[in-house]
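Student: Could you take me through a single part of this model closely, namely the side of one chain that touches its partner, and then follow the elements around it?

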Amino acid sequence: MKSETARNEVFVRDIDRTLLRENLKLTFEQRAQKHLRALQMVEELRRAGKKLRQKSDGR
Amino acid sequence: MAVDLAQIIPPLVRGKVDFILIGGMAAILHGSARVTFDVDLIYSRTHENIQRLANALAAHSPYLRDAPPSLPFSWDAKTIRSGLNFTLTTSLGDVDLFCEVAQGDTYHDLLAHSFDVEAFGVRFKCVDLPTLIRIKEAAGRAKDHEAIAELRVLLEEREKK
């Protein structure tokens, strides 16, 4: 149980509070929009990575 | 496909579906900086609500995620009644529907632990932060450890205000 608590403390310590504080200044809708933009970026990077792998595989 | 709350929530609200936003998207509304790829909802299992849920999503091509395309699957009230939880792909993005969450809490149990959100031109219910933390803790999934830590920090930061 002690190790569980210690592990949780490590996770909490490593959280970037500045990002959260910025998010807390936003409205619900702005938070959702910000998330959508991040999600679209992740998906774009995934597509680019897939294309790159296909290219390097000669497909 | 990037899932957009602004696309998914309004049709459900306009269809008078009783649901509460839970999971990663609820965390986003609470201020989480993590990225999540689907929308998790807990829905009421009343006869009328199941029909409303079937109607509200019918126009958005719901289908079982990761199921073979040829599977005989029809999205209707009968299908919802004979199942409990559904992981769906829709034309609006991936949606997970739960009739209960870890520890057996249902829509009706979570109502007292939810609050109204006004966004996307509608008003809907979202689970409160302490309950979201409790649900994630009860699920006991290794992948949730960091998410739970972030939610705890959000709770701390919110209480400082």
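**The side of chain B that touches chain A**

Tutor: In this predicted model, 21 residues of chain B are in contact with 21 residues of chain A, contact requiring that the C-beta atoms, placed from the backbone, lie within 7 Å. Helix 1 (5-14), helix 2 (23-30), strand 6 (114-119) and helix 7 (145-160) of chain B each give two or more residues to this side, helices (H or I, at least four residues) and strands (E, at least two) being DSSP runs numbered from the N terminus. Helix 7 of chain B supplies the largest share, nine residues. By class, the side of chain B that touches chain A has 13 nonpolar, two polar and six charged residues, where Ala, Val, Leu, Ile, Met, Phe, Trp, Tyr, Cys and Pro count as nonpolar, Asp, Glu, Lys and Arg as charged, and the others, Gly among them, as polar.

Within helix 1 of chain B, Leu5(B), Ile8(B), Ile9(B) and Leu12(B) are buried, that is, 20 or more other C-beta atoms, placed from the backbone, lie within 10 Å of their own. Seen down the axis of helix 1 of chain B, its buried residues fall within an arc of 90 degrees, so they line one face of the helix; the arc is that of the directions from the helix axis to the C-beta atoms. After helix 1 of chain B comes Lys16(B), with a positive phi, near 60 degrees.

As for conventions, residues are numbered from 1 along each chain as its sequence is written, and chains are lettered from A in the order in which they are written. Because the model is predicted, local features need pLDDT of at least 70 and side-chain atom pairs count only at pLDDT 80 or more, whereas totals for chains, interfaces and linings use all residues.

Terms used: Contact = placed C-beta atoms within 7 Å. Buried ≥ 20, exposed ≤ 12 C-beta atoms within 10 Å, placed from the backbone.
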